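Have the viewer open as you read.

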Amino acid sequence: MSIYDYLEFRHLRYIVAVAEELNITRAAERLNVVQSNLSRQISDIEELFHVKLFIRVHNGVQLTSAGQSFYIRAKQLLELREETINSLHAVQDAETKASV
């Protein structure tokens with residue numbers, strides 16, 4: 001199993017939420033997860049990929065350059081996932097209407 005196998009969509013959602021909120025507590029509230037679990041997940045991702053995504057500051061976090069890059073890619077992947085699912089539903093709806 002490679003390191004790429006450990007990255008899941010939920011991890012992408014976590015990174016996006018923290019990057020947009022710049023605060024782990026607010027991101028946890030937004031995601032309906034426990035703050036300590038979210039913080040641990042972020043740390044795990046940073047350790048797994050040997051990269052610092054966020055700098056912890058007194059009132060939240062700041063994105064590093066790597067964090068900014070990850071955030072942009074994570075948003076793209078989440079949007080592509082949504083487009084893919086919507087496309088599948090559109091195909092299914094078209095097939096259903098054609099068979100009626």
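1. A term to begin with: a polar contact is a pair of N or O atoms within 3.5 Å; within protein, one atom must be able to donate a hydrogen and the other to accept it, and residues adjacent in sequence count only if both atoms are side-chain atoms. With that in hand, look at the side chain of Asn-23: one of its polar atoms lies 2.9 Å from the backbone nitrogen of Arg-26, and a polar atom of the Asn-23 side chain lies 3.3 Å from the backbone oxygen of Asn-59.

2. Some ground rules. This is a predicted model, in which local features need pLDDT of at least 70 and side-chain atom pairs count only at pLDDT 80 or more, while totals for chains, interfaces and linings use all residues. Residues are numbered from 1 along each chain as its sequence is written, and side-chain values use heavy atoms, with hydrogens and water left out.

3. Where does Asn-23 sit? Asn-23 is in the loop between helix H1 (9–21) and helix H2 (24–31); helices (H or I, at least four residues) and strands (E, at least two) are DSSP runs, numbered from the N terminus. Asn-23 counts as buried because its relative accessibility is 13%, where buried means under 20% relative accessible area, exposed over 50%, and partly exposed in between (1.4 Å probe, protein chains only). Not counting residues up to four places away in sequence, Asn-23 touches Val-18, Asn-59, Gly-60 and Val-61, a contact being heavy atoms within 4.5 Å.

4. Leu-22 counts as partly exposed, because its relative accessibility is 38%.

5. Compare that with His-50, in the loop between H3 and E1. His-50 has a positive phi of about 55° although it is not a glycine. Is His-50 buried or exposed? His-50 is exposed, since its relative accessible area is 74%.

6. On to helix H3 itself (residues 35–49), which has 15 residues and reaches 21 Å from its first C-alpha to its last, close to the 21 Å expected at 1.5 Å a residue. The expected span is 1.5 Å times one less than the number of residues. In H3, Leu-38, Ile-42, Ser-43, Ile-45 and Glu-46 are buried. Seen down the axis of H3, its buried residues fall within an arc of 155°, so they line one face of the helix; the arc is that of the directions from the helix axis to the C-beta atoms. As background, an α-helix has 3.6 residues a turn, so residues three or four places apart point the same way. The cover over the buried residues of H3 includes H1, H2 and strand E1 (54–57).

7. Thr-64 counts as buried because its relative accessibility is 14%. A polar atom of the Thr-64 side chain lies 2.5 Å from the backbone oxygen of Lys-52, and the Thr-64 side chain reaches the backbone nitrogen of Gly-67 at 2.9 Å. Leaving aside neighbours within four places in sequence, Thr-64 is in contact with Lys-52, Leu-53, Phe-54 and Ile-55.

8. How does the span of H4 compare with what its 34 residues should give? At 1.5 Å a residue H4 should span 50 Å, and its end C-alpha atoms are 49 Å apart, which agrees. In H4, Gly-67, Phe-70, Tyr-71, Ala-74 and Leu-78 are buried, and what covers the buried residues of H4 includes H1 and E2. For Leu-78, the relative accessible area is 14%. Leaving aside neighbours within four places in sequence, Leu-78 is in contact with Phe-9, Leu-12, Arg-13 and Val-16.

9. Last, Ala-17 in helix H1. Ala-17 counts as buried, at 0% relative accessibility. Ala-17 and Arg-30 are 13 residues apart in sequence and 7.5 Å apart in space, C-alpha to C-alpha. Not counting residues up to four places away in sequence, Ala-17 touches Ala-27, Arg-30 and Leu-31.
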